[in-house]
Amino acid sequence: MIVVKFNLRYYYFKRVFLVIPVLAILFTSCNITRNVSDDKYLLNKTILQVDSKDIKTGDVETYLRQKPNKRIIGFRFHLRMYNTANPTKFKGIHKWLKTIGEEPVILDTFLVTQSVENIQLYLQSKGYYESKISKSIAYQKKKKANVTYTIQTGEPYKIKFFHYAIEDTIIRNLVRSDSINSLIKLRKPLDTDILEEERVRLQSYLKNNGYFFFSKDNIAFDADTSIGKHKVDLQLIIKNRFKVSENGDKEPINYLKYKISKVYFYPNYDPRRLANTAKESIVDTSIFNGLSYIYPGSPGIQLKVLDQTNQIRPGLIYSDDIVQRTQSNINSLKLFRMVNIFFDEELSDPDKKKNSDNILFFDETSKKDSLPTGLLNCYIQLSPHTLQSYQAEFVGTNTAGAFGAEGNLGYQHKNLFNGAEIFDVKLRGLVETVKRNQDAGNLNFRYSVELGGSIGLSLPKFLSPFASKQHIKKYSPRTQIVASYNFQRRPDYTRTIASFLFGYVWKNSKFVTHTVNPVELSAINITNISAAFQSQISGKYLENSYKNQIITLSSYSLTFNNQNLQKNTSYTYLRFNVESSGNALSAIYSKYGKKSADDTYQILNTSFSQFVRSDMNITYHQIIDNNNAFVYRLFAGVGYPYGNSKALPFDKKYFSGGANGIRAWSARSLGPGSVKVANSGFFNQTGDIKLEANVEYRYKIFWQLEGAIFFDAGNIWAFKDENENAIFKPVNFYKQIALGTGTGFRANLGFLTVRFDFGYKVYDPVVDPNVKFRPWVPFQQKFMWQDVAINFGIGYPF
């Protein structure tokens, strides 16, 4: 039994209140073997000792037949949950505890022996044919056992010679011409995983060069290890196919390179409807740009739109790449719930076709004789989505720490003019709480009201005189046109925003998306500024952010995301954004216009903003296993007003704190720099520069409940401000970086994730002239609830 004694003053105890749940787990640690019989042992640890840096223990672990109970932050939480249940009862709470828990892993020496054999086979696959693996079991007190695997890899066999043995001369020349891209390298270990990857690579390469029926199963390797000194003579073999003659002899057949013969599109594809209309002979066939379109009644879409997305053309050499790009282009229309592309080898003798062979049902006769050149017919079946949809939703919200309720009404038409144009109408209403800062009272809430709507049209093309059909085929672009209006009433001011956006979105690869908005106009009108808020900002640089203004924005964004939704693997997300406003207008007005009384150029008696702004957000998700992951995030952003503006517009300023930032501070309550929040009014701290870094450890608890431990760092700063402590200074900005830590819980419900995070200040950079500077909160200050922030959020923070 573990005994822990405390002799601390009360306020010290309160400072470590976050540790209490951990201590509770420690008190139960003596019970982890309560369900292990006296003649058995709990598998406590598996230890891997490897003498080579080239072999990673994480890779070896996957070949162990027995692993200890899973841990969360070093503790066997699930095992303890299981042990809490009565082993003789199987209903109610006891059944529930056993379901979410994990029964003890009992040491099985047979599985330990099998693990040694698995490790041996794994090392052989990596070229270590003379490795030695030994096992030892250390039996400990309290019915626990540790298993140690000692691995002596020995010297690996490395590739000294590598050559090709390919019977088909055309394929041999193709493969040799691409040998620079080969994954097999001389003086590297003979790794069967690399050999398999090379087979897959060559299969893809040959299929992209027209060899439709080529398979990696046609590729073999021969490794001669008898040349001595742990060297290998490796040979890649591709033999010709063969057919058996009437005499029983094997006759070699060269691999055929295939061209596309005919392409058949089936828009509005429904096999049942197609069968009925075929019997009544009311199926229409249209020819457009050399392609056949077969449909009952109406195609449901302009044929030129489908033609623009298609890269599979008669006469082209077959390629897997053009098939995948065509499928991706068609999916980008967001008009079809199913896109099915398949091929059929064309008969060498058209007279062999039976009456049942027809382009409606894709029937095949008994195996067809192939043409010497190899021809393929392509069939593209498109099953449409429901074209029109309505949506009404009412949800709880949390916008940077402000609780509220939001109602949305939406209408969408996916094919407004039969050209895959997406038409959207949205109406939105929102009521949110706005909380005063701590000094103004913890429970003093007011409300903000927001009403708005938008109308948008998305076109599947570059709406530009410089765009071509090749751009559409290659990038799957969309042109977006959106007009919106928004009314906001906050306790401190009322604001209306009328906006218009014209821009483009396209992808130039699987992972990269580009967004360019050449025109984004916004007219901001601010009224009803409260007397308290006006006195707070009057005469300060911040006042310039709360003036009526027109924003003429041009922006570019790049998004990189290599997440694989089919596999739980590590991935990176990056977003880069740059935007500027007012430069063209400033150039025109500086030559032909006159400044108004406030020393700015104006349009319709309203000043236009002039600034440049850029930021980058990069997140790396490191997947440890199915139950544990680390997430790392860096954010850096800067905005600079100049020319016709003295300050960034309020919506373009940065803020910190809240559910998605430094979670030990409430939203908009941190910074800028080491400035102390005013004693009245609502949290509204903003800046021109923002730096943030986050590390979060995520773990699964049970069912859909997940936990997290996080550490956040960052702050915001200003370029100009009345308070010197708010200004960014390269020599000492690092002293103003706030630090926070905490824990959180998330309920992953599939369609959304509900999140609660509890943050605690570690380093508070605020300088209060009336109080001694003691920034290290846990070590230099008494515990106070104002140093704790509770954040509610929808979705993960990043």
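**View 1. Tyr211, Phe213, Phe214, Arg241, Tyr255, Leu256 and Tyr258 line the second largest cavity.** This is a predicted model, and here we zoom in on the residues around that cavity. Sort the lining by class and you get six nonpolar residues, one charged residue and no polar ones. With a cut-off of 30 Å³ or more, the cavity count comes to two.

**View 2. Five strands make up an open sheet.** Reading across, the order goes β10-β11-β9-β13-β12, and the pairing is mixed. Who sits at the edges? That would be β10 (283-288) and β12 (336-345), each of which pairs on one side only. Going from one strand to the next, the twist averages 20°.

**View 3. β12 meets β13 in an antiparallel pairing.** As a quick reminder, strands of a sheet pair through backbone hydrogen bonds, in either a parallel or an antiparallel sense. In this close-up, β13 covers residues 375-384, and nine bridges tie it to β12. To find your way around, look for Ile341: its bridge partner in β13 is Ile380.

**View 4. Helix α11 packs on the sheet.** The helix runs over residues 320-332. Which strands does α11 touch? Its contacts are with β9 (259-266), β12 and β13.

Notes. Residues numbered from 1 in each chain as written. Predicted model: local features only at pLDDT ≥ 70, side-chain atom pairs only at ≥ 80, totals over all residues. Heavy atoms only, no water. Pairing = 2+ DSSP bridges. Helix = DSSP H or I, 4+ residues; strand = E, 2+ residues; numbered from the N terminus. Axes fitted to C-alpha atoms, helices over the stretch in contact; angles between N-to-C directions. Contact = heavy atoms within 4.5 Å. 1 Å grid on protein atoms, 1.4 Å probe; cavity = no way out; pocket = protein on both sides within 12 Å on 5 of 7 lines; lining within 4 Å. Points joined across faces, edges and corners; volume = space filled by probe spheres on them. Nonpolar A, V, L, I, M, F, W, Y, C, P; charged D, E, K, R; others polar.
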